[in-house]
Amino acid sequence: MSVSQTIPFPAKKLSLMTALTAAILVTTGCQSLKTTSGTNQASSTVQGQSGQQPQKLESFNITGKIGVTTPANDTNGAQGGSAFYAWGQQNDRFAIELIGALGIGKTNIEYNGQTATLVSEKTGTLTADDPETLLKKATGWQAPISQMPYWVSGRPAPSDTAPTLDNQNRLISSVNGEWNASFTYKGNDKLPSKISAAQSQGNKVVMTIDHQNR
């Protein structure tokens with residue numbers, strides 16, 4: 001069966017987001033917020049064909065589905081997996097809960113601005129300096145997690161190159177290192193409803209986005 005058939009995700013949205021938001025508020029209440037150069041850069045605006053792009057959202061709650069594909073190697077063909085997710089963000093801290101999580105069961109990923117922690121039924125608790133390293137360590141998958149808070153906001157990350165805007169000044173494509181990202185919008189929405197990112201080697205991430213606090 002597919003993940004969508006086995007997991008009643010819509011019924012879990014509210015409880016997941018409540019838990020994630022509470023976890024982030026507790027974290028930010030106990031620790032002073034760290035200001036990074038990336039956050040400072042995000043406060044600037046990028047000029048487009050008419051007007052300005054939106055600023056980076058410093059806090060958001062989103063849900064949706066994520067699919068990941070990894071390229072074939074000497075022993076295996078191309079591999080893929082998917083999961084439903086709930087993501088709560090507060091400044092540079094975030095908490096993500098994955099259900100049907102890419103072959104490792106229910107998974108929680110948290111980042112406090114300095115250290116990323118992953119807990120799953122299969123791997124137990126793992127830590128790393130950044131969420132990308134942690135996800136690859138746990139699953140073998142690659143995903144541009146650090147860029148997502150900017151891309152979810154509909155603007156390029158500070159390290160992006162060659163961003164392209166549509167005639168409504170919305171970000172429709174951007175490049176970050178080996179990742180080429182494209183953005184899909186519903187109607188005249190300013191925030192993307194889907195982000196697709198791919199590398200030439202065959203790694204690919206597709207994430208649908210339901211913005212909970214617009």
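What share of the contacts in the protein with a separation of 6 or more comes from residues 24 or more positions apart? Such residues account for 45% of these contacts, a contact being heavy atoms within 4.5 Å. The model is predicted, so that local features need pLDDT of at least 70 and side-chain atom pairs count only at pLDDT 80 or more, whereas totals for chains, interfaces and linings use all residues. Residues are numbered from 1 along each chain as its sequence is written, and side-chain values use heavy atoms, with hydrogens and water left out.

The secondary structure comprises five helices and 12 strands, taken as DSSP runs (helices H or I, at least four residues; strands E, at least two) and numbered from the N terminus. Of the 214 residues, 43% count as buried, that is, under 20% relative accessible area, with exposed meaning over 50% and partly exposed in between (1.4 Å probe, protein chains only). The protein exposes about 10,400 Å², of which carbon and sulfur atoms supply 50%; accessible areas come from the Shrake-Rupley method with a 1.4 Å probe, and for residues only the protein chains shown count as cover.

Four aromatic pairs are found in a search of the whole structure. Rings of Phe, Tyr and Trp (its six-membered ring) pair if their centres lie within 6.5 Å; planes under 30 degrees apart count as stacked, over 60 as edge-to-face and the rest as tilted. The pair of W87 and F94 is tilted, because the ring centres are 5.3 Å apart and the planes stand at 45°. Both residues are buried, W87 with a relative accessible area of 4% and F94 with 5%. The pair of W151 and F183 is edge-to-face, at 5.9 Å centre to centre and 85° between the planes. This pair links distant parts of the chain, since W151 belongs to helix α5 (residues 148-152) and F183 to strand β9 (residues 179-184), 32 residues apart. W151 and F183 are buried. One aromatic cluster is formed by F60, W87, F94 and Y111.

Charged side chains also lie over rings, by the criterion that NZ of Lys or CZ of Arg is within 6 Å of the ring centre and within 35 degrees of the ring normal. K56 is placed over the face of Y150, 5.1 Å from the ring centre. The charged end of R170 lies over the ring of Y185, at 4.6 Å from its centre.

In helix α4 (residues 131-139), the buried residues are P131, L134, L135 and A138. Viewed down the axis of α4, these residues fall within an arc of 95° and therefore line one face of the helix, the arc being that of the directions from the helix axis to the C-beta atoms. Their cover includes β3 (93-99), β4 (107-111), β5 (116-120) and β6 (124-128). The N-terminal end of α4 is capped by D130, with a side-chain oxygen 3.2 Å from the backbone nitrogen of E132. G140, which follows α4, has a positive phi, near 85°.

Two loop residues are also buried. Q147, in the loop between α4 and α5, has a relative accessible area of 13%. Apart from neighbours within four places in sequence, Q147 contacts E132, A157, S159, D160 and N176. R155 is located in the loop between α5 and β7 (161-165) and is buried at a relative accessible area of 3%.

How values were computed. A polar contact is a pair of N or O atoms within 3.5 Å; within protein, one must be able to donate a hydrogen and the other to accept it, and residues adjacent in sequence count only if both atoms are side-chain atoms.
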